[in-house]
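Let's take a friendly walk through a protein chain together. Have a look at the sequence and the 3D view below, and then read on.

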Amino acid sequence: MFEQRLRGTALLLGLLLAAGCGGDADGEPATEGAAGEPPVSPEETAPVSPGDVDAELAARGEEIFQSRGCNACHSLGSGRLVGPDLQGVAQRREQGWIIAMIMNPDSMLQADETARGLFDEYMTPMADQNLSDDEANALYEFLRVEGSE
């Protein structure tokens, strides 16, 4: 009996988090990119040079990670939350893919097999935070630094 209540509570919590973390007013994943843009593939995203780490940009990325609530769904080395643990993500995924996922998660869900696989595994769409290119690049730089430890 207790286990059934616990599972029901966990399911309800997951649904509430999903509603707050993306999708439309009905809780369904959005079917277009931001402002009705067509789906975007990682190849269409302007690349950012991986080169040396920009500590100032990474610090800004950390601020964005905290202020936008990314840490509510993602950890960095503490294991799975609502979404995947982002420890090592910059080593596992191409830079263009990460930037596209940050900037256009709804479009990526439509167009990218890996994004769909993550949705199938976590059953929660990533929230579209309507970030600028500069903010997405700052988050990527933060993930390069913090996600590689």
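## The overall fold

How many helices and how many strands does the chain have? The chain contains eight helices and zero strands, and this is a predicted model. Read from the N terminus, the elements follow the order α-α-α-α-α-α-α-α.

Now for the contacts. Taking those between residues at least 6 apart in sequence, 68% link residues that are at least 24 apart.

Of the 149 residues in the chain, 40% are buried. The accessible surface of the chain is about 8,900 Å², and carbon and sulfur atoms account for 53% of that surface.

## The largest nonpolar core

The largest nonpolar core has 24 residues, and those touching the most other members are Phe65, Trp97, Ile98, Ile102, Met108, Leu139 and Leu143. At least two residues of this core come from each of helix H2 (55-67), H4, helix H5 (95-103), helix H7 (113-122) and helix H8 (133-146). H5 gives the largest share, with seven residues.

## A closer look at histidine 74

Where is histidine 74 found? Look in the loop between helix H3 (70-73) and helix H4 (89-92). Histidine 74 counts as buried because its relative accessible area is 14%, and the cut-off for buried is under 20%.

What surrounds this residue? Setting aside neighbours within four places in sequence, histidine 74 is in contact with Phe65, Leu81, Gly83, Pro84 and Leu86. A polar atom of the histidine 74 side chain lies 2.8 Å from the backbone oxygen of proline 84.

Definitions and conventions: Residues numbered from 1 in each chain as written. Predicted model: local features only at pLDDT ≥ 70, side-chain atom pairs only at ≥ 80, totals over all residues. Heavy atoms only, no water. Helix = DSSP H or I, 4+ residues; strand = E, 2+ residues; numbered from the N terminus. Buried < 20%, exposed > 50% of the residue type's maximum accessible area, 1.4 Å probe, protein only. Polar contact = N/O pair within 3.5 Å; in protein donor to acceptor, adjacent residues only side chain to side chain. Contact = heavy atoms within 4.5 Å. Core = buried A, V, L, I, M, F, W, Y, C linked by side-chain atoms within 4.5 Å. Areas by Shrake-Rupley, 256 points an atom, 1.4 Å probe, with all protein chains shown as cover.
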